[in-house]
Amino acid sequence: MSKDAHENVITLAIETSCDETSVAVMKNGREVLSNIVASQIDQHQKYGGVVPEVASRKHIENINQVIERALREADLTFEALTHVAVTYGPGLVGALLVGLSAAKAIAFARGIPLNGVNHIEGHIYANFIEHKELEPPFMCLIVSGGHTHLIYMKNYGDYEVLGKTRDDAAGETFDKIGRALGLRYPGGPEIDKLSKKGNKEAIRFPKAYLERESHDFSFSGLKSSVLNYLNSEKMKGRKVNIEDVAASFQQSVIEILVEKTIKCAIEKQAPLIVLAGGVAANTGLRELMKKECFRNGLELRYPSIKLCTDNAAMIGCAGYYNYISGRFSDLHLNAKSNLKFENRKT
Amino acid sequence: MKILALDTSSPATTVAILEGEKLVAEYTINNINTHSQKLMPMIAEIIKSCKWRPEDIDVFGVSLGPGSFTGLRIGIATIKAMAQSLNKKVCGVSSLEVLAYNLMYIDGVICPIIDAQRDAVYTATYKWGANRLIQLEKPSILHIDELNTALASKSGIVYFVGDAVSKFRLRIEEKNKDVNIVFPTEDLLLPRAYVVGEITRQHALLGKVKNVRDITPVYMRKSHAECQYEERQLRIEKEKSWLVGQKKNKE
């Protein structure tokens with residue numbers, strides 16, 4: 001299809017995979033007309049993590065008002081929509097189903113196409129919104145509370161997965177250590193803050209490199225080692241320096257993330273590295289990655305914090321590229337809590 | 001008045017379209033596939049086969065619950081988003097009432113039971129009087145043993161409907177040998193979208209339809225995590241007041 005055929009494509013995007021009810025209206029994929037994120041973080045804080053049933057209940061309470069706000073802020077009505085994009089996995093199945101059911105209903109009622117989007121893929125596209133000139137190919141590190149993926153993006157919709165975590169996601173490890181340190185949920189931003197005051201070389205925590213040729217990650221060993229350290233200090237009756245633990249733990253995580261990403265970029269001869277996902281908001285990760293990219297003559301891009309964390313704009317952008325390449329979903333589309341991000345070529 | 005109505009409170013997905021009092025089409029699938037897979041294609045099919053368009057529909061009706069939490073949310077999210085995007089009104093109905101309508105004009109007590117997991121049911125009792133369904137006992141969650149105890153005091157015939165019948169039929173029969181209990185045939189045990197549509201029509205005639213934002217699921221039960229949290233808070237409070245009491249005693 002010619003480019004003209006896709007002028008002024010208006011996307012309504014819905015994202016409810018975890019604890020944010022988010023709806024965005026996008027123009028031609030990269031222009032954000034509105035991006036409403038109704039966070040439920042207050043609802044989950046007292047439980048120390050996201051409770052799936054509580055999340056689903058908040059989504060259904062919020063979704064229609066968030067849709068209404070997104071349209072109002074974009075100054076558009078349902079008539080203006082070209083298609084609907086929606087996250088169908090991975091995520092909490094009950095939460096996903098609220099957004100997916102609403103998206104299917106709108107697509108059918110308005111007689112417009114539906115485009116299901118993989119949430120992990122969506123994170124990459126946050127960069128296309130932030131950096132208007134950005135084009136594939138590039139090496140992408142996706143790190144969030146649920147995902148840790150190293151992906152070589154050759155073209156839109158064309159990916160090669162080089163590595164992923166074999167156990168916990170990087171962000172999940174941050175949250176678990178945060179809880180052990182008695183920090184507020186989510187632990188990631190809190191640890192990042194504390195790290196700035198701590199000595200990152202105070203404690204040597206292990207880093208798992210796995211097999212020589214592997215680009216996979218593993219964080220469960222590191223997590224156990226931090227928990228063991230906290231336990232043994234407690235047994236000895238010693239007071240733990242939380243800042244030092246936070247800084248040393250964070251350093252272990254980001255060093256391994258940065259090293260593997262740079263190695264992959266060099267192997268793939270990709271001159272550009274892109275960060276995505278909630279953990280891409282981590283200042284320690286950004287700084288170390290910047291330093292290493294500079295040292296290796298690589299370019300680096302990452303989204304602003306608002307686009308790093310879960311939001312519907314990134315889903316809308318990914319959905320737009322699905323739309324213009326003719327990849328549509330039908331009304332049978334179901335939520336897939338463990339939807340994989342696999343090698344794909346279109 | 002054109003109505004689209006659905007119910008996803010039980011394992012069966014059911015969709016109907018009505019024009020005034022007339023049932024134009026009804027479509028039920030009662031298999032192991034999820035509501036998410038079945039519901040939207042069924043709506044599309046039923047509307048298409050009657051040559052309607054989505055924008056023809058005046059009012060949207062849905063069962064609010066009680067029932068499977070996820071099932072309810074799929075149905076309600078679907079109805080609300082359709083109505084919202086077409087700028088139409090909605091009507092939410094009780095899934096217990098919907099079940100009671102299956103035994104229209106029957107003489108006796110109607111007792112819908114909907115599976116609430118952990119050996120419990122969502123239930124209420126109804127009877128028919130002068131063309132009108134009358135609620136005898138308010139909706140509640142009862143353990144199957146509590147339900148059996150409550151049954152013992154009933155006189156007259158008690159008719160059971162609802163998806164929990166297959167699960168508890170034997171346990172109910174066994175404990176209530178002296179009560180006159182009837183379990184109707186399978187087709188009468190499940191909710192029907194036609195009934196949701198008919199109740200919606202009656203509400204619409206009385207001007208009792210609502211805006212999309214004003215209907216929410218009727219869970220009748222807090223989430224497991226909320227219950228646990230509240231129990232823990234209660235325990236902490238108790239311990240605190242106990243400690244305060246101890247302190248006072250010492251003084």
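Student: Into which domains is chain A divided?
Tutor: This is a predicted model, in which local features need pLDDT of at least 70 and side-chain atom pairs count only at pLDDT 80 or more, while totals for chains, interfaces and linings use all residues. Residues are numbered from 1 along each chain as its sequence is written, and chains are lettered from A and ligands numbered from 1 in the order in which they are written. With bounds that come from an automatic or database domain assignment, chain A is divided into domain 1 (4–126 + 308–324) and domain 2 (136–303).

Student: Which helix gives the most to the side of domain 1 of chain A that touches domain 2 of chain A?
Tutor: Two residues are in contact if their C-beta atoms, placed from the backbone, lie within 7 Å, and on that basis 12 residues of domain 1 of chain A are in contact with 20 residues of domain 2 of chain A. Helices (H or I, at least four residues) and strands (E, at least two) are DSSP runs numbered from the N terminus, and both helix H1 (41–45) and helix H4 (119–130) of chain A supply at least two residues of this side of domain 1. With 4 residues, the helix that gives the most to this side is H4(A).

Student: How do the residues of that side of domain 1 of chain A divide into nonpolar, polar and charged?
Tutor: Ala, Val, Leu, Ile, Met, Phe, Trp, Tyr, Cys and Pro count as nonpolar, Asp, Glu, Lys and Arg as charged, and the others, Gly among them, as polar. Sorted in this way, the residues on the side of domain 1 of chain A that touches domain 2 of chain A come to 6 nonpolar, 6 polar and no charged.

Student: What is the arrangement of helix H5 and helix H7 of chain A?
Tutor: Axes are lines fitted to C-alpha atoms, for helices over the stretch in contact, and angles run from 0 to 180 degrees between N-to-C directions. Helix H5 (residues 170–180) and helix H7 (residues 220–235) of chain A pack at an angle of about 10 degrees, with their axes 10 Å apart. Angles under 35 degrees count as roughly parallel, over 145 as roughly antiparallel, 65 to 115 as roughly perpendicular and the rest as oblique, and therefore the arrangement of H5(A) and H7(A) is roughly parallel.

Student: How many residues does H3(A) give to the side of chain A that touches chain B?
Tutor: The contact takes 30 residues from chain A and 30 residues from chain B. Helix H2 (52–74) and H3 of chain A each supply at least two residues of the chain A side, which divides into 17 nonpolar, 7 polar and 6 charged residues. H3(A) gives the most to this side, and its contribution is 12 residues.

Student: Is Ser329(A) buried or exposed?
Tutor: Ser329(A) lies in the segment after helix H11 (312–324) of chain A. Leaving aside neighbours within four places in sequence, Ser329(A) is in contact with Leu114(A), Asn115(A) and Gly116(A). Because 22 other C-beta atoms lie within 10 Å, Ser329(A) is buried.

Student: Which peptide bond of chain B is cis, with omega near 5 degrees?
Tutor: Pro66(B) has its place in the loop between strand E4 (59–65) and helix H2 (69–86) of chain B. With omega near 5 degrees, the cis peptide bond runs from Gly65(B) to Pro66(B).

Student: Does Lys51(B) count as buried or exposed?
Tutor: Lys51(B) is found in the loop between helix H1 (35–49) and E4 of chain B, and although Lys51(B) is not a glycine, its phi is positive, about 55 degrees. Because Lys51(B) has 7 C-beta neighbours inside 10 Å, the residue counts as exposed.

How values were computed
Buried ≥ 20, exposed ≤ 12 C-beta atoms within 10 Å, placed from the backbone.
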